[in-house]
Amino acid sequence: MKNFSFLKKKTIPEETRKIQINDREANALKTFPKNEVSTSKYNFVTFLPKNLFEQFHRLANAYFLFLLCLQLIPQISSLPPYTTIVPLCFVLTLTAIKDAIDDLGRHRSDKHVNNRQTQVIDENDIIFRKWKDIQVGDMIQLVNDEFVTADILIISTSEQNGLCYIETAELDGETNLKVRQSLEETQSIGDDIDDLTNFRGEIECDLPNNNLNKFQGNLKWNNQTLPLKNDNILLRGTRLRNTQWVVGIVLYAGSDTKLMKNTNKPSFKRSHMDKLLDKIIIGILIFLLFLCLTMTICCSIWEYEIGSSFVIYLPHESYISSNHLRGSIQIGFLVFLSYVITLSTVVPISLYVSIEFVRLLQSKWIDWDIEMFYEKNNVSAHVRTTTLNEELGQIQYVFSDKTGTLTQNIMTFKKCSIAGQLFGYVYDSNGTEIEDLNKLEAVEMNGDEENFLWFDKSLIKEIENHNENVERFFILLSLCHTVMIEEKNGQISYQAQSPDEYALVSAARAFYFTFQNRTQTTITIDIKGKQFTYNLLNILDFNNERQRMSVIVEKDGQIYLFCKGGDTKIKERLASNQIELLKQTDEHLNNFANDSLRTLCLAWKSIEKSQYDQWAAKLNVANTSMENRDEKVCEMYEEIEKDLLLIGATGIEDKLQDGVPQCLQRLTQAGIKIWVLTGDKIETAYNIGLSCRLLTNEMEIQMIEETTEEEVEAKLSQIRNLIIEKIETLFDVQPIDKTQRLNWKQLGIDTKNFDLFRKKSLQASIQSDLEDSFNQSTINEFFEGFAILITGQALIHALSDRLNMKFLEIATMCKALICCRVTPMQKAQVVELVIKHEKQTTLAIGDGANDVSMIQKAHIGIGISGQEGQQAVLASDFSFGQFRYLERLLLIHGRLSYLRVSKFLRYFFYKNFAFTFCHFWFSFFCGFSAQTVYDPMYGALYNSLFSTFPILFLSIFDRDVNDNYSLNKPYLYIPGQKDEFFNKKLLIKSILHGILSSLFIFFITYLSISNGKMIEMDLQSFGFLIGTIIVIIVNLQNALQIWYWTIYYHLALWLTILIYFLFHLTLYSTYLMKFFRTNYTYVGVAKQILFDPKFYLILILICVVLLLPVFIQEFYRMRFIPDETNKARYNQKYRYEEKARFIEHIRPKKHLRKRLPRSSYAFAQQEGWGKLITSGIMQTKKKPQTRASHDLNIHQRKSRIYSSNLTGTL
């Protein structure tokens, strides 16, 4: 056994990873994966077997393969095998080609990434290697603006103190810069080739995992063990910014990198309707087997009792026993298989050929929709998976990224309040605010800020008049920050820690208050061409508890403190004489909040030299304390930040993508729950939720920020009790059983209109509030549901096996859920939780690599072609350029696709049961012999030529209302979520309709000719007569189902019937027989039947019997018991609702604010860079050290040389 490698004992997995630096041979023994990645599903070898395996997972394909095998047996088959081979191969080939095209796109993307080149230090030289050839333990060098090749440990950087700056957009969607740092001990190596080549050591670290925020390890080097942490690591997917070069050691490569660990392999997706169809087909097949078994029993009895008398005339085949009983059983068994083939048309293979064709053309409506074309980026909508179109009409949950998906991640300075005076609003002569920017003329600003627009000329006049308060306002903006400076082509460029900081400093520059330079101890600003240098004494940095930052500066012997932060934090620290100014500023803050702007308060004070010296001494003691240092430092910050003088407030717009609030509002009205999964901080997400109307001030909003499992469990219990208490207080419901799962549907409350289910006293109270114009006495009674914001740390525990169902219960009771600081894998886990336990249709939408996991996990994945690359698009099923197009995709294309496919399937089963059951009724007249009643040519063309084109055109062009009505009446989307147009009940109804139609067609025809008054009938004539009536009936039945008649449908309907007659008159003519010199048994039948007037009497009779009741039923249903769709059609035609909408429009609005949005600016950033600046770590970028002559080629790509000192904030 020892000689067989596959029987060898498995090695015990290691608990940590050990890497030898610059030693490929030693690392090769540990079989670390290379850096090549693959996101594709197939390769050249696995494509055919894997794709066929996936396709035969579809029950219908497996069923048709079984039928094909039966048709290859001549003793039981009445149909040639090619009738199944050709369409089956067509379906399989078409699907395989589509899958191959999709996967080729993934292969091209993988090839592009794997063939990128990076610099590797190898044997005293720097060479270029492709990413796919990089191995664990290699030493690589990255340059500015380069993507990080793998997960690497930083050895040294171009910065003096080992700092480097990265952008993590592909990991968490954030574009603000983050700081990483090398070890102090290794930074001295710099970029010296010899030292780097001779660098030897061992790294012991965590095994590969998907935690983006955690890393532990040790570096054993130079007889010392150095601890490693997350700040020393650069992850694959990040991008080097504002740093000339970085040298690092590869820790994890390829599939082991944290980015790839957060990425799922693409899965095979099938629509909800496809899965339901599989279940239905199983039921139909069981029913078919029952029919065949019935025919087998009847045939055996008939053969034993009657058929044996005719053996002398029609002898049995040699393989049939001469014993009557045994022979009858054998014949019955063969007839069973024959009927399986004959009656198999209840589920024809043309169904799948046709539905693939319908889906393909429906996808083209999306591709060709000019309203979904994003002209700015020249991006049109694109369908990457055509089999999911109807799934778009059944979405119940949307999981969305925030940055780049809902927002543009661009902050803009829009409004401000200075010393009680409001700026940023422009009014016309009547005192009405002008909101249309096209009617305004922008003020000429500083040319360095070309994209900054300002329309309020009054602020410019105040600056020109040297208003002291206005100047102090902009001086604060240009001093109080942690922005870094980078000089590009002689122009100053700002590198900010957050977009908010950048917006404020850029706005100050636009008004000619330019932040120009900083050192460790000074800040220089330019005011209208004159330079002023302030001595930087202290930075009182931002953190989550302080929610503000301050700088203390000195100029001309006078010391100033400038502070900016959240409104609540600033108000607490104002001097007592600021009350009047605070009231005015509060009103302005309310205006900013109503405009969904991110608000921030500014304050200052002058400090006496003696007072500052005393405080600075205390601060120094706190900074050197060995116990509770952070708490003591914060106390000192609190001591100096008192008795401030209010300067004013700012309003910053976090630019949403165009149309996002309207889109989310319509999707919510359509019964779709929106969950936002973002990498941003909870406060940022909160205010974006308000801006895009996902959250409202009438919601009960709860935040879960706990860090332990016990705390999270307690918080979830607290929120659950709050929900129960609120429901019992506001709504007229029975006492809630707290042991049962909470569910709005079981409580009998419609979440789209809570007011209808209020207690009577509360309804009267609300009406009284409306009439009293915002009476504050009952303001707390206004309620629009619940919402939850949860952090990534808390989500780890909430998704655990013990708490996930409790979390899901509470989350599904909320109108909105926002998950913050989540990893890509957590996004996928949240989606999976809903799919697994709620059994509802989900959609995930995002624009970056960090969204790929949830896009692949959801039933529908949508990629936005944004600024974060094409990874999301390549992994998606649909793609377009802006989030707002989602409403058109779902409410128009998705809804119509669902309606059309539902009609298509119901009709297809109806017409095929009507066609097939004529065989069943005929069995009672042919000794149950499986004799077909139709011409084989007719049977082969029935589904492909004589009954398919009208339903195809209906499935492509039919619509109930126009696009505007679909968007303006989102509730029309709800029937798709409830499977109201295609379900088992409706399908059984269609099947029974088809069986009943076949019964009337067969027996009315049979009874009409059996009295002998019609011309003498043979089997061929009878079969042609029934076949003709079926074609006319099923096509007219299809015409009764269509809503939207077009010239294309008219042509398809009438030409189909005309082609039927022309085809059979030609096929059954004597001319064709003479031309081919064959004796076709149906020659002359068409002419004989069609020229007999009694045929038309039978046709009219059957039409009246079968179509008139359907017409009356549809008329009665649409006229007297219309559903929402029919009501919308009537409203579109007769405009019944115009008056009602007008009256509703002029009613007083009931939306009263319970609270104002939280100030978010100071919360929206990480802990500041103040310590790095004042400690001297973050300094001016020096000219890079030159290398030995043999390394000069590397410096041909040298980064920019910085002339200004990069220091901290003031």
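## Helices H29 and H34

H29 and H34 lie oblique to each other, where angles under 35 degrees count as roughly parallel, over 145 as roughly antiparallel, 65 to 115 as roughly perpendicular and the rest as oblique. The axes of H29 (residues 885–923) and H34 (residues 984–1010) cross at roughly 40° and come within 7 Å. Axes here are lines fitted to C-alpha atoms, for helices over the stretch in contact, with angles from 0 to 180 degrees between N-to-C directions. The crossing is right-handed, meaning that the near helix is turned clockwise from the far one by less than a right angle. Helices (H or I, at least four residues) are DSSP runs numbered from the N terminus.

Residues on the H29 side of this contact include Phe 909, Phe 913, Phe 917 and Trp 921, while those on the H34 side include Leu 986, Ile 991, Leu 999 and Phe 1003. Contact means heavy atoms within 4.5 Å. By type, the contact residues are 15 nonpolar, five polar and one charged. In this scheme Ala, Val, Leu, Ile, Met, Phe, Trp, Tyr, Cys and Pro count as nonpolar, Asp, Glu, Lys and Arg as charged, and the others, Gly among them, as polar.

## About the model

This is a predicted model, in which local features need pLDDT of at least 70 and side-chain atom pairs count only at pLDDT 80 or more, while totals for chains, interfaces and linings use all residues. Residues are numbered from 1 along each chain as its sequence is written, and side-chain values use heavy atoms, with hydrogens and water left out.

## The nonpolar cores

The largest nonpolar core has 159 residues, and those with the most contacts inside it are Leu 695, Leu 843, Phe 880 and Leu 886. H29 gives the most to this core, with 23 residues. Such a core is a set of buried Ala, Val, Leu, Ile, Met, Phe, Trp, Tyr and Cys residues joined through side-chain atoms within 4.5 Å. Buried means under 20% relative accessible area, exposed over 50%, and partly exposed in between (1.4 Å probe, protein chains only).

Setting aside residues up to four places away in sequence, Phe 880 touches Met 372, Val 379, Ile 845, Ile 864 and Leu 889, among others. A second, separate core of 49 residues includes Leu 477, Leu 479, Ala 508 and Phe 513.

H30 and H36 are roughly antiparallel to each other. The axes of H30 (residues 936–946) and H36 (residues 1047–1067) come within 12 Å and cross at roughly 155°, and this crossing is right-handed. Met 937, Tyr 938, Leu 941, Leu 945 and Phe 946 in H30 meet H36 residues including Ile 1059, Tyr 1060 and Phe 1063.

H31 (residues 949–957) has Pro 950, Ile 951, Leu 952, Leu 954, Ser 955 and Ile 956 as its buried residues. They pack against H11 (350–367), H29, H35 (1019–1041) and H36.

## Two residues to look up

Trp 1043 sits in the loop between H35 and H36 and is partly exposed, at 22% relative accessible area. Its C-alpha atom is separated by 8.8 Å from that of Leu 954, 89 residues apart along the chain. Leaving aside neighbours within four places in sequence, Trp 1043 is in contact with residues including Leu 899, Lys 903 and Arg 1129.

Asp 274 belongs to H9 (residues 272–305) and counts as buried, at 4% relative accessibility. Not counting residues up to four places away in sequence, Asp 274 touches Arg 58, Arg 359 and Thr 387.

How values were computed:
Helices (H or I, at least four residues) and strands (E, at least two) are DSSP runs, numbered from the N terminus.
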